[in-house]
Amino acid sequence: MTAPRFLLVCRHCHAAFPPALTAHCEKCLGPLEVRYELDALRESVTRERLSRGPPSIWRWAPLLPVEDPDNAVDLGAGGRPLKRAKNLGARLGLRELWILDDSVNPTYSFKDRATSVAATKAREAGLTTLACASTGNLAASVAAHAASAGLASVVLVPENVEPEKLVQTAAYGARIVRVKGAYDAANQLAQVAGEERGWGVVNVNLRAFYTEGSCTLAYDTARSLGWETPDHVVHPIAAGASLAALGRGFDLLRDLDLVDGPRPRISGAQPAGVSPVVRALDAGEPVRPWERIDTLAHSLAIARPADGDEAVDRIRASGGSAAAVTDDEIVAGIRLLASTEGIFTEPAGGTTVAALVRLVERGVVRSDERVVLNITGNGLKAPSAVPFALPGPIPGRLSALDAALGLAEVTA
Amino acid sequence: MTTLRASGGLEFAPGVRKREVAASTVGEAIDSIGGAFRERVVENGAIKRFVVVFVNGEAAALDTRLAADDEVTIVPAVSGG
């Protein structure tokens, strides 16, 4: 029997375990993370080999914790080059700004990266139901990947989720259950139900594999920049898991000598109405649960970010920072990105744009840096977040159109 | 009686993840089970760092009061929504 390609290692006490459908260290209950056998990877993985892979996150199959990538549940998440954001960069006085645009993933958010890996793992383990607790984006992603994989899906959503986000999820065929309270209430129920009903819950018993999917944010970024690290990445924070995975991803590429350049600085973005990670970072203390959630950025509204301390550590070790932005700034961020780059993002993306604006003003993001802005979801997910009033109708005459647009009438 | 459920590697005894107890607070409920389970979830008079307790889906602490038909869930902290 060959040695496993990777182990599950406790982030807290560093105990190592063979791969299994478990998210927690049996010694201390700390979170488990995938740790690859680096020597074997170094021998087999090259830039050339990775460049030949499929045009999705499965290009990175040698760096993903699955047995047979030919059985991947691949709807086409990730794998696209970054977009050079010349207009927004010029507006903010940045020499080189890039956008990682995950608003165009198969279900229109970055969650597809992680769910694709989790669904593959669920099928590999012979599970028949894929489940999650979700604020909306993950629900859609789980439902779509389950449909493609021939699995049933159950999604538990918090009480205040935007109804329009779930139309998509329902269309994929998911059973939707709305749980009283916020995200944490739905999440604890998913934990219990997963174990008692034998479901693969992507952020619970599949969590160690699921989060590896988010490491591909770093892989796609590095490849797109000619196998170089950027100077600075700005990324939104909900639970903190994807920001931690982003940092881990860059570390793995550097450990394998697949990328040139130093560790990038990573800065975080949270809405002011739920910013436990920014508060902890500013105060130099552990992350504490947020008391009262009040933001339109529902997909970032997690009061107890289980990976919050890890996110703080990652940000601090990288020399980055974080900003908490108001709902007005979030809406302005959505409009700024849409009007400069033609990318319509949801409030989580507006939060990240607004945080970038703040970090530039504070001199944290410097004008000479190569900056990457991670846009994690599509604006059509929650269009009502952006105030809009339809103008009244005009008669079908040119003079009326000129009047409506404030154009001077040209007389012959 | 109050229903207690444990999950995610936590169990009251080998293979036991559900118990019915008579208790007026979360702390009393955990004390009534005691033993290795209590050691895994309580430290210095508080819930341990990687453990979260909910009563009917709402976050709770050791001094949270319980009613007879409450359901208490004791799980490791997870994330990722």
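Guide: Gladly! Let us start with a definition: contact means heavy atoms within 4.5 Å. Keep in mind that this is a predicted model.

Visitor: Which residues does B:Thr25 touch, not counting residues up to four places away in sequence?

Guide: By that contact rule, B:Thr25 touches B:Leu62, B:Asp63, B:Thr64, B:Arg65 and B:Leu66. B:Thr25 itself sits in the loop between E2 and H1 of chain B.

Visitor: Why does B:Thr25 count as buried?

Guide: Buried means under 20% relative accessible area. B:Thr25 has 14% relative accessibility, so B:Thr25 counts as buried.

Visitor: What makes E2 and E6 of chain B edge strands?

Guide: Look at the strand order in the open sheet of chain B: E2-E1-E7-E5-E6, with mixed pairing. Strand E2 (18–21) and strand E6 (58–60) each have a single partner strand, so one side of each is left without a neighbour in the sheet. On average, neighbouring strands of this sheet are turned by 30° against each other, direction ignored.

Visitor: How do you know that E1 and E7 of chain B pair?

Guide: Pairing requires at least two bridges between two strands. Strand E1 (residues 2–6) and strand E7 (residues 71–76) of chain B are joined by 4 bridges, so by the definition they pair. The two strands run parallel, and B:Thr3 stands opposite B:Glu71 in E7(B).

Visitor: Which helix of chain B packs on this sheet?

Guide: Helix H1 (residues 26–33) of chain B does, touching E1, E2, E5, E6 and E7 of chain B. From chain A, helix H7 (residues 183–197) lies across E1, E5 and E7 of chain B, at about 85° to E7(B).

Visitor: What makes helix H9 of chain A "mostly covered"?

Guide: Count its buried residues: 7 of the 9 residues in H9 (residues 216–224) of chain A are buried. Among them are A:Leu217, A:Tyr219 and A:Asp220. The buried residues of H9(A) pack against several elements of chain A, including helix H4 (111–124), strand E10 (232–236) and helix H10 (241–255). Just after H9(A), A:Gly226 takes a positive phi of about 70°.

Visitor: Which way do the residues of strand E12 in chain A point?

Guide: In a regular strand the side chains alternate between the two faces of the sheet. In E12 (residues 322–325) of chain A, A:Ala322 and A:Ala324 point one way, A:Ala323 and A:Val325 the other way, and all are buried. E12(A) pairs with strand E11 (residues 265–271) of chain A in the parallel sense over 4 bridges, and A:Gln270 stands opposite A:Ala324.

Key: Residues numbered from 1 in each chain as written. Chains lettered and ligands numbered in written order. Predicted model: local features only at pLDDT ≥ 70, side-chain atom pairs only at ≥ 80, totals over all residues. Heavy atoms only, no water. Axes fitted to C-alpha atoms, helices over the stretch in contact; angles between N-to-C directions. Buried < 20%, exposed > 50% of the residue type's maximum accessible area, 1.4 Å probe, protein only.
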